[in-house]
Amino acid sequence: MKKQKTVRNGYPLYLIAAVWVIMCFVAGVHTWTGYLLAVLLSVVAYLVGRQIWPDEVVEYVEPEPEPSDPEVAALKRQRDESLAEIRRLNDAIPDAEISRKISHIETVSNQIYSFVMEKPEKKTQIRRFQNYYLPTTIKLLDSYARLCSAGVSGENINSTKAKIEEMLDTICAAFDKQLDALYGDTALDISTDIQVLDTMMQQQGLTGGNPLSSH
């Protein structure tokens with residue numbers, strides 16, 4: 001999860017230190033007048049310094065807490081390792097359209113893992129995805145990245161790249177279906193709730209027609 005934090009700039013504090021050093025040599029701070037003047041100049045120096053060197057707001061990613069459930073922890077490690085490798089390969093592939101498809105694969109893969117981490121009882125539904133589909137996809141992307149970095153073209157290289165490019169569309173569609181399948185029970189529960197709610201409102205005459213007396 002991305003968060004923001006404010007990083008204080010240290011230069012205004014250095015100005016304050018400089019003011020006190022100068023005052024010690026010029027006017028002295030052993031008297032009340034010198035001391036108050038040093039304090040006043042320090043405040044002015046600090047305010048001016050804040051204008052020149054304002055604080056910086058930076059974004060950072062807060063690490064996820066390690067799951068207590070060993071199975072969920074294993075899923076998290078596998079997800080993190082797989083997504084890190086996909087991002088690395090995406091950075092190594094210069095083609096913008098291919099990069100867009102790889103980013104889609106990364107996003108959907110993250111959603112699949114996140115869903116199962118919240119509902120570990122669903123892990124059997126993604127066994128083939130995590131043990132074969134995703135690792136094989138990463139292997140294909142690695143081969144594609146190597147072909148791109150070869151710096152040469154030829155019949156075999158171009159043909160292999162074209163096959164991988166075509167396969168990426170199939171992979172994107174398959175991963176989308178895998179994610180959709182995980183939401184099957186949720187969709188069924190929602191449909192049931194909607195049907196029950198609609199039936200009850202009709203019985204109470206709240207959806208049109210004459211109200212019925214409750215029994």
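Author: The expected span of a helix is 1.5 Å times one less than its number of residues. With that rule in hand, and keeping in mind that this is a predicted model, we can turn to helix H6, where the 28 residues should span 40 Å at 1.5 Å a residue, and the end C-alpha atoms are 41 Å apart, which agrees.

The next matter is what lies against H6. Helix H5, which covers residues 127–149, has an axis that comes within 10 Å of the axis of H6, residues 155–182, and the two cross at roughly 150°. As angles over 145 degrees count as roughly antiparallel, that crossing makes H5 roughly antiparallel to H6, and the crossing of the two is left-handed. On the side of H5, the residues that meet H6 include Phe129, Tyr133, Leu134, Leu140, Leu141, Tyr144 and Leu147, while their counterparts in H6 include Ile157, Ile164, Met167, Leu168, Ile171 and Phe175. Sorted by class, the contact of H5 with H6 has 14 nonpolar, 4 polar and 2 charged residues.

Several of these names return when we ask which residues of H6 are buried, for the buried set holds Ile157, Ile164, Leu168, Ile171, Cys172, Phe175, Gln178, Leu179 and Leu182. An α-helix has 3.6 residues a turn, so residues three or four places apart point the same way.

Helix H4 itself runs over residues 96–118, and its 23 residues reach 33 Å from the first C-alpha to the last, close to the 33 Å expected at 1.5 Å a residue. Among the buried residues of H4 are Ile98, Ile102, Ile105, Val108, Ile112, Phe115 and Val116, but Lys101 and Glu106 are buried as well.

Of the helices that cover H4, H3 deserves a word of its own, as the axes of H3 and H4 come within 10 Å and cross at roughly 175°, and H3 and H4 are therefore roughly antiparallel to each other. Residues of H3 including Val72, Leu75, Arg79, Leu83 and Ile86 meet residues of H4 including Ile102, Ile105, Glu106, Tyr113 and Met117, and the residues of this contact of H3 with H4 divide into 9 nonpolar, 7 polar and 4 charged.

Conventions: Residues are numbered from 1 along each chain as its sequence is written. This is a predicted model: local features need pLDDT of at least 70, side-chain atom pairs count only at pLDDT 80 or more; totals for chains, interfaces and linings use all residues. Side-chain values use heavy atoms; hydrogens and water are left out. Axes are lines fitted to C-alpha atoms, for helices over the stretch in contact, and angles run from 0 to 180 degrees between N-to-C directions. Helices (H or I, at least four residues) and strands (E, at least two) are DSSP runs, numbered from the N terminus. Angles under 35 degrees count as roughly parallel, over 145 as roughly antiparallel, 65 to 115 as roughly perpendicular and the rest as oblique. A crossing is left-handed if the near helix is turned anticlockwise from the far one by less than a right angle, and right-handed if clockwise. Contact means heavy atoms within 4.5 Å. Ala, Val, Leu, Ile, Met, Phe, Trp, Tyr, Cys and Pro count as nonpolar, Asp, Glu, Lys and Arg as charged, and the others, Gly among them, as polar. Buried means under 20% relative accessible area, exposed over 50%, partly exposed in between (1.4 Å probe, protein chains only).
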